[in-house]
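Please work through the following exercises on two interfaces. Each task is followed by a solution in steps.

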There are 2 protein chains.
Amino acid sequence: MPRTASPAVRAALLERAAEMLTRREPVTLRALVEGTGASTMAVYTHFGGMPGLWRAVRQEGFTRLAARLGTVPTSDDPVRDLAALGAAYVASALAAPALYRAMFDAAAELEDPDAAAAPFQALVDAAARARDAGRFAPDSDPEAVATRYWASGHGLTLLVLTGVLPADALAAHAPAVAAALFAAAGDDAQRAARSVSAGWSLPASAE
Amino acid sequence: MPRTASPAVRAALLERAAEMLTRREPVTLRALVEGTGASTMAVYTHFGGMPGLWRAVRQEGFTRLAARLGTVPTSDDPVRDLAALGAAYVASALAAPALYRAMFDAAAELEDPDAAAAPFQALVDAAARARDAGRFAPDSDPEAVATRYWASGHGLTLLVLTGVLPADALAAHAPAVAAALFAAAGDDAQRAARSVSAGWSLPASAE
DNA sequence: CTCATTCCATGACGGTGTTATGTATAGCAC
DNA sequence: GTGCTATACATAACACCGTCATGGAATGAG
């Protein structure tokens, strides 16, 4: 019966939080609401506090990541598709480094725990297609391949984002790691290298 | 001429900070000094503030990590040594998860920028030995192999530490990733798998 | 011994997230 | 349409954080 909370305020707060994050501004409660004209209490009614806001921000990050991976077209070369997915993943992380780091800072707790699984599933599907197409060994486990691929890319990405490795380390090592993992999954080494090279260079220009 | 700062206070603060970190307690200035009997100003005289304390904590973490990797014995199988180094690395991270995460939270800025290079160098050396021993291709780049190995292990470790992947994912995937990378570096796939299996299981019991 | 210099303890300050209190407004019963 | 009620939201105080200005105590140099 009572007054209902406006979803516009919630969306605006979330949007502004993501924007402040990409702008490297510290996301503080008062600075956050300052821009929206809302009061500090709005964060509490909509998110229950700052931890809730962060949960929502991470959720939003994974949703956007999944959406972005969804735009990667499926070709007749599933290994190339895996590489393209990896490239899109890395490009997404580089486009909003602070958001990416926030996502994995406490990725375990999300509003919807399956949110992190959505981007991951794209990799699993591609790995399964590679197996069914005869590129990977018949007994290769798509989920295991996807996990190793993901973890390796994640580590490389984070080391670059934190400044431990130079920015060009991604281009220098990510395709090589991918090719090594795909070859281990059963693909011919040279063929894997060619597919990775083709897929990796594809969405590099994507914003 | 004046009173000289006691290194014992500095060491005690550092020790307590690391202890609070492993105990998952929030490392706050007042809580930190409470245990040592010192005052808040001690942190400022010794570290210049909390950021300086974190710098020192990260530094200490890398130093301990390098020391731990230094205890891994060198065998006549350099590929096995690489696996053993990886296992020791992961074990070290699992023993103090919060410290590990703090180390890489802003690993770019350390008191001594070369501190992060020390653990890394152990990997480079082992990769160079593998190349010189004919296990890796003569034109394989030890530094590139070490970088890819490190990044992959780092990503896998972080995903487990943050709860994204289950704890057993490390044992399930880390050796496989290592074997894939070593095979890509030129080692025979089956031989690499055997060496990795031998080296990985070695220091698993280390604390 | 003297004294200057530095360590460090005490307390105040601005900023943070949180929350108690009050107010206005949107939805439902009639 | 009118009145009631439950909820969204504003305001302001709170406890905590890191920081720093002040002052006293201790130490090493001469």
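Predicted model: local features only at pLDDT ≥ 70, side-chain atom pairs only at ≥ 80, totals over all residues.

Residues are numbered from 1 along each chain as its sequence is written, chains are lettered from A in the order in which they are written, and side-chain values use heavy atoms, with hydrogens and water left out.

**Exercise 1.** Describe the interface of domain 1 of chain A and domain 2 of chain A.

*Step 1: the parts.* In chain A, domain 1 covers 1–48 and domain 2 covers 58–205; such bounds come from an automatic or database domain assignment. Their C-alpha centres are 32 Å apart.

*Step 2: the contact.* Domain 1 of chain A brings seven residues into contact with eight residues of domain 2 of chain A, where contact means heavy atoms within 4.5 Å.

*Step 3: the area.* Between these two domains of chain A, about 520 Å² is buried, with 64% of this given by carbon and sulfur atoms. Of the area that domain 1 of chain A buries against domain 2 of chain A, 60% comes from A18(A), L21(A) and T22(A), more than from any other three residues. Buried area is the accessible area (1.4 Å probe) that two parts lose on being put together, summed over both.

*Step 4: the charges.* The rule finds one salt bridge across this interface of domain 1 and domain 2 of chain A, a salt bridge being a side-chain nitrogen of Lys or Arg within 4 Å of a carboxyl oxygen of Asp or Glu. R64(A) and E15(A) form a salt bridge, with their closest N and O atoms 3.5 Å apart.

**Exercise 2.** Describe the interface between chain B and chain A.

*Step 1: the contact.* Chain B and chain A each give 27 residues to the contact.

*Step 2: the area.* About 2,200 Å² is buried between chain B and chain A, and carbon and sulfur atoms give 73% of it. R148(B), L159(B) and H173(B) supply 21% of what chain B buries against chain A, more than any other three residues.

*Step 3: the charges.* Two salt bridges are counted between chain B and chain A. D105(B) and R101(A) meet through their side chains in a salt bridge, at 3.6 Å from N to O.
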